Amino acid sequence: MQNKQLRSSQVELEESKLKYFSLYEFAPVGYFSLNKQEIIKDVNVAGTVLLGIEKSKLINTAFIQYMNSESRRTFYKHLEKVKTTDTRQTCELELIKKDGTKIYAHLETITIKDDEEDFNEFRITATDITELNFAEEALKGSEEKYRSLYETMTQGVIHQDANGYIISANPAALRIMELNHNMMNSETYFNHHPDSIHEDGTDFPLETHPSMVALKTGKGIRNVIMGIKTPEKSYIWININATPLFKPGEKKPYQVYITFEDITETIKAKKLLNETLAELKRSNTELEQFAYVASHDLQEPLRMVASFTQLLEKQYKDKLDENAREYINYAVDGAKRMQGLINDLLAYSRVTTKADKFEDIYLEKVLDEVLFNMEIVIGENEAVITRESLPNICADYRQMVQVFQNIIGNALKYRGPKTPQIHISAQKENEHWLFSLEDNGIGIEPKYFEQIFEIFKRLHAEDEYEGTGIGLAITKRIVERHGGRIWVESEPDKGSAFYFTIPDKLL
Ligand code: ADP
């Protein structure tokens, strides 16, 4: 019975030895046993793989043989510490494999004592941490990269805790906000800039600040413009973003960081531009009003001058000599011309002061009406007018009639010796319609391409071609009122093409 028991204990012992042996042999870390002289006395499979040398060649070699001089120094210091402290110690050093490749290893060493409690051998576990080391190096590299970016970027970055206290701020943030390092962790920058405002000048309460909203809602806030009063300067303007930070698994942010840029100059420029625009609009309206009132009010006295001079001529014809009659004729003529000019001015100012609202109109109908109005003059000139289909646009109907009538009228007036041919077409281009009206008339020299659209600008004497030079100025003003552009392309004696654009949008 006893024998049986003994045998089974022996079997158990064998089994357990085997178990630990295989654990030792095939563990993923290298085990090395070194004697007092640091000679390898035993090594497991992982240890041989680590150095790339088979066990028989490793046994009885010095462990330091697989190190460079720097690692040896580290290793000796490490062993010294193990011996003197008599506790488990760790170190990291470079090992050289058989093929010359270097690996980075993490060593853990203990001492083993003999029965007399005397130090007998070193037991070392060695783990290959080359990859880990690479990753750490890479991380350090990228951290350095981001740090230098953080230090040198022109955007301000402020890191705040859940109560809005500043944890850190980059140099740009300190500069823009006029903060200093002493304020870290003890201040919110609001303590230093209590007065924040919106672009329209209204108050910007603390609880609506992007970092506060991001902390409260857990959502990122983008592109908020705010004015803050710094201790040194007056208001500075910033465009600010806030990003909440979460601990893993938590829904409530525990920190927030804000990034912002100083846009004071842009805001100042924008304000100046808006003020100038408003001023321009005001003076333009005043001028329009003036032109309208002046031309309107001048009509009446001028009518009086004209009609009384005519009356003078009629009733005192017999009593006046030839010279006096001639002078009166000049006066009547002058008064009539002035009436014409004033009417033109009035028509010009009416483009904006007495305009109709924009509505969706069918340009085919506009052109039909224009050709109908001009039937007689077209017939007299035996003009040939060809047209392509015209679109629907959003415009002032009466003014569109005026535009087509002015340009077609000119094409007939400034015709050459040939039968007038006028071609009207429209084509869609991006956001607008491009209209073209081509004629085969006398043409225009390039140096006048701009001038002909100016008020009262004419290229011919009154007796050559009738007119006052207002037609194209009005046409241009109408086109511009509609958000379009007008220009001419032409060659003397070959003909002209007038182009204008109107935005392609309907109500
Ligand atoms: P007006 O016809 O009363 O002179 P406009 O403003 O309509 O005034 O035209 C300005 C000038 O542009 C004209 O005097 C003329 O010299 C020139 N012009 C306009 N249309 C044409 C055209 N189709 N062909 C040649 N010249 C033109």
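User: What do the buried residues of H14 pack against?

Analyst: In this predicted model, they pack against helix H9 (264-315), helix H10 (322-353), helix H13 (397-413), strand S17 (486-491) and strand S18 (495-503). Helices (H or I, at least four residues) and strands (E, at least two) are DSSP runs, numbered from the N terminus, and contact means heavy atoms within 4.5 Å.

User: And which residues of H14 are buried?

Analyst: Helix H14 covers residues 471-481, and its buried residues are Leu472, Ala473, Ile474, Thr475, Arg477, Ile478 and Val479. Buried means under 20% relative accessible area, exposed over 50%, and partly exposed in between, with a 1.4 Å probe and protein chains only.

User: Why does arginine 477 count as buried?

Analyst: Arginine 477 counts as buried because its relative accessibility is 16%. Leaving aside neighbours within four places in sequence, arginine 477 is in contact with Glu288, Tyr348, Ser349, Val351 and Thr352. A polar atom of the arginine 477 side chain also lies 2.8 Å from the backbone oxygen of tyrosine 348.

User: Before I go on, how are residues numbered, and what should I know about the model?

Analyst: Residues are numbered from 1 along each chain as its sequence is written, and side-chain values use heavy atoms, with hydrogens and water left out. Because this is a predicted model, local features need pLDDT of at least 70 and side-chain atom pairs count only at pLDDT 80 or more, while totals for chains, interfaces and linings use all residues.

User: Okay, new topic: which residues are closest to the ligand?

Analyst: The ligand is surrounded by 21 residues, and the closest are Asn410, Tyr414, Arg458, Gly469 and Leu472; a residue is near a molecule if one of its heavy atoms lies within 4 Å of it.

User: Last one: in what order do the strands of the open sheet come?

Analyst: The five strands follow the order S13-S15-S16-S18-S17, with mixed pairing, where two strands pair if DSSP finds at least two bridges between them. The edge strands, each pairing on one side only, are strand S13 (384-387) and S17.

Definitions and conventions
Polar contact = N/O pair within 3.5 Å; in protein donor to acceptor, adjacent residues only side chain to side chain.
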